[in-house]
Amino acid sequence: MKHVAAAIYLSFGMLFLFLQGFDGFTGPENMNFIIFLFLMAGALYLYREIRERFQKK
């Protein structure tokens, strides 16, 4: 189930990253930090899921 959470976090991180390229989009001042948090949370969930699957085998 962690892989689903990882996909959601990574998707939102990429969405926020791509939204910065639009001219009319005005995000908060700490938008880069928010993107970093979403991408790191997704990577962490994905790493935990992969590690857990290899430990079971």
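**Lysine 2 and its surroundings**

Apart from neighbours within four places in sequence, lysine 2 is in contact with Tyr45, Arg48, Glu49 and Glu52, where contact means heavy atoms within 4.5 Å. Please keep in mind that this is a predicted model, in which local features need pLDDT of at least 70 and side-chain atom pairs count only at pLDDT 80 or more, while totals for chains, interfaces and linings use all residues. Residues are numbered from 1 along each chain as its sequence is written, and side-chain values use heavy atoms, with hydrogens and water left out.

**More on lysine 2**

- Lysine 2 belongs to helix H1, which covers residues 2-19; helices here are DSSP runs of H or I with at least four residues, numbered from the N terminus.
- With a relative accessible area of 29%, lysine 2 is partly exposed (buried means under 20%, exposed over 50%, and partly exposed in between, using a 1.4 Å probe and protein chains only).
- The side chains of lysine 2 and glutamate 52 are joined by a polar contact of 3.3 Å (a pair of N or O atoms within 3.5 Å; within protein, one must be able to donate a hydrogen and the other to accept it, and residues adjacent in sequence count only if both atoms are side-chain atoms).
- Although lysine 2 and tyrosine 45 are 43 residues apart in sequence, their C-alpha atoms are 5.8 Å apart in space.

**How the two helices meet**

- The axes of H1 and helix H2 (residues 31-56) come within 8 Å and cross at roughly 155°; axes are lines fitted to C-alpha atoms, for helices over the stretch in contact, and angles run from 0 to 180 degrees between N-to-C directions.
- Because of that angle, H1 is roughly antiparallel to H2, a label for angles over 145 degrees.
- In the contact of H1 with H2, the residues divide into 17 nonpolar, three polar and five charged (Ala, Val, Leu, Ile, Met, Phe, Trp, Tyr, Cys and Pro count as nonpolar, Asp, Glu, Lys and Arg as charged, and the others, Gly among them, as polar).

**Glycine 13 in H1**

- Glycine 13, found in helix H1, is buried, with a relative accessible area of 0%.
- Leaving aside neighbours within four places in sequence, glycine 13 is in contact with Ile35, Phe38 and Leu39.
- Glycine 13 and leucine 37 are 24 residues apart in sequence, and their C-alpha atoms are 8.0 Å apart in space.

**Two residues of H2**

- Glutamate 49 sits in helix H2 and counts as buried at 8% relative accessibility.
- Not counting residues up to four places away in sequence, glutamate 49 touches Met1, Lys2 and His3.
- The side chain of glutamate 49 also makes a polar contact of 2.8 Å with the side chain of arginine 53.
- Isoleucine 50 lies in helix H2 and is partly exposed, with a relative accessible area of 43%.

Key:
Angles under 35 degrees count as roughly parallel, over 145 as roughly antiparallel, 65 to 115 as roughly perpendicular and the rest as oblique.
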